[in-house]
Amino acid sequence: MNSLKIILLLTLIWLQISSGGGKSGFNFLSIGVDAKVVSLADAGVALPPELGTIYYNPAGLGTFKRSSVLITYRNWMVDGKFLYTSVLIPTKFLNFALSLTSLSVSDIEIRERPGEAEGKFTSRDFGISLSASPNLGTKLKVGMTAKYILEKIFVDETNLVSFDLGVLYSFKLSQFNFQAGASLKDFGSKGKFRTESINPPTTLSIGASISYSIAPGSIDILLNIEAKRKFYDSLNLLSVGIGFKFLSNFNLNFGYIFAHNPGNLRFGGGIELSKFSVHYDI
């Protein structure tokens with residue numbers, strides 16, 4: 001396990017140092033925060049708005065009528081602990097959401113030569129963000145998120161300010177509910193790691209979803225598709241997902257991410273009640 005931590009440390013430093021050569025850093029900003037969205041191939045830009053989807057597209061924030069809280073915990077890579085918390089506050093004309101994101105990898109050993117470790121440290125990433133969207137009751141929603149990001153690996157530390165912009169259009173045709181959305185995430189200033197500049201993981205996402213009730217109150221189906229362009233990484237992704245809801249409370253989701261490397265199959269499920277919901281993805 002200790003050797004894996006050392007490899008992880010070297011990988012983290014290499015990712016940040018190499019980011020100045022046209023790659024992006026602050027990669028914890030690309031970790032999915034909502035288990036339901038992650039199970040739908042991490043395609044949340046055009047999903048029917050829930051508190052977790054505003055991480056992917058802040059425009060959906062304008063549809064909410066009451067306060068909500070989201071807490072997400074994930075084990076990440078080797079001994080990584082990822083935590084995301086968001087609180088939604090609706091007002092008369094604007095809806096707001098305050099969110100905290102953190103990723104830590106603890107007990108990474110410090111070694112400069114063979115033998116016993118000279119010590120241990122924890123790698124930390126932290127972000128705080130404020131999202132806002134008008135709640136004007138129109139079919140077209142817009143939203144924005146402002147973020148402050150801090151990253152520390154051993155004695156090296158960097159920070160930046162970035163923004164998300166999003167639009168979401170919803171309409172109904174017969175018994176079909178349609179959503180079309182787009183977002184530009186994590187654009188803004190650059191960080192600096194040692195002597196190298198670090199680009200944020202700027203991503204453009206465009207997607208659409210359709211939902212239909214096969215048997216009202218018994219079986220609902222959701223289909224979604226999303227295309228992503230990660231600018232500094234020169235990476236294109238295509239995500240597709242399908243979700244089923246049973247008896248208005250239970251859901252089962254599947255998704256697949258198409259990429260240059262072997263694709264990524266996702267699936268998960270959850271329970272949704274009137275006051276709270278619990279989701280899990282694999």
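Predicted model: local features only at pLDDT ≥ 70, side-chain atom pairs only at ≥ 80, totals over all residues.
Buried here means under 20% relative accessible area, exposed means over 50%, and partly exposed is anything in between (1.4 Å probe, protein chains only). Residues are numbered from 1 along each chain as its sequence is written, and side-chain values use heavy atoms, with hydrogens and water left out.

**Salt bridges**

- There are seven salt bridges in the structure, each one a side-chain nitrogen of Lys or Arg within 4 Å of a carboxyl oxygen of Asp or Glu.
- Asp164 pairs with Lys147 at 3.1 Å, N to O.
- Asp164 belongs to strand E6 (residues 156-173) and Lys147 to strand E5, so this pair ties together parts 17 residues apart in sequence; strands (E, at least two residues) and helices (H or I, at least four) are DSSP runs numbered from the N terminus.
- Lys147 is buried too, with a relative accessible area of 7%.
- Lys36 meets Glu50 in a salt bridge (2.8 Å, N to O).
- Lys36 is in helix H2 and Glu50 in the loop between H2 and strand E1 (68-76), so the two link parts that are 14 residues apart in sequence.
- Lys36 counts as buried at 14% relative accessibility, whereas Glu50 is partly exposed at 26%.
- Lys36 also forms a salt bridge with Glu272, with the closest N and O atoms 3.2 Å apart.
- Lys36, Glu50, Lys245 and Glu272 are linked in a network of salt bridges.

**Cavities**

- A search of the whole structure turns up two cavities of 30 Å³ or more; on a 1 Å grid over the protein atoms alone, a cavity is a set of points where a 1.4 Å probe fits but cannot get out, and lining residues have an atom within 4 Å of a point.
- The largest cavity has a volume of about 130 Å³, a volume being the space filled by probe spheres set on the points, which are joined across faces, edges and corners.
- Of the 15 residues lining the largest cavity, Tyr55, Tyr84, Thr101, Ser129 and Lys147 are the closest to its centre.
- E4 gives the most to that lining, with four residues.
- The second largest cavity has a volume of about 40 Å³, and its lining residues include Gly44, Pro49 and Leu168.

Technical notes. 1 Å grid on protein atoms, 1.4 Å probe; cavity = no way out; pocket = protein on both sides within 12 Å on 5 of 7 lines; lining within 4 Å.
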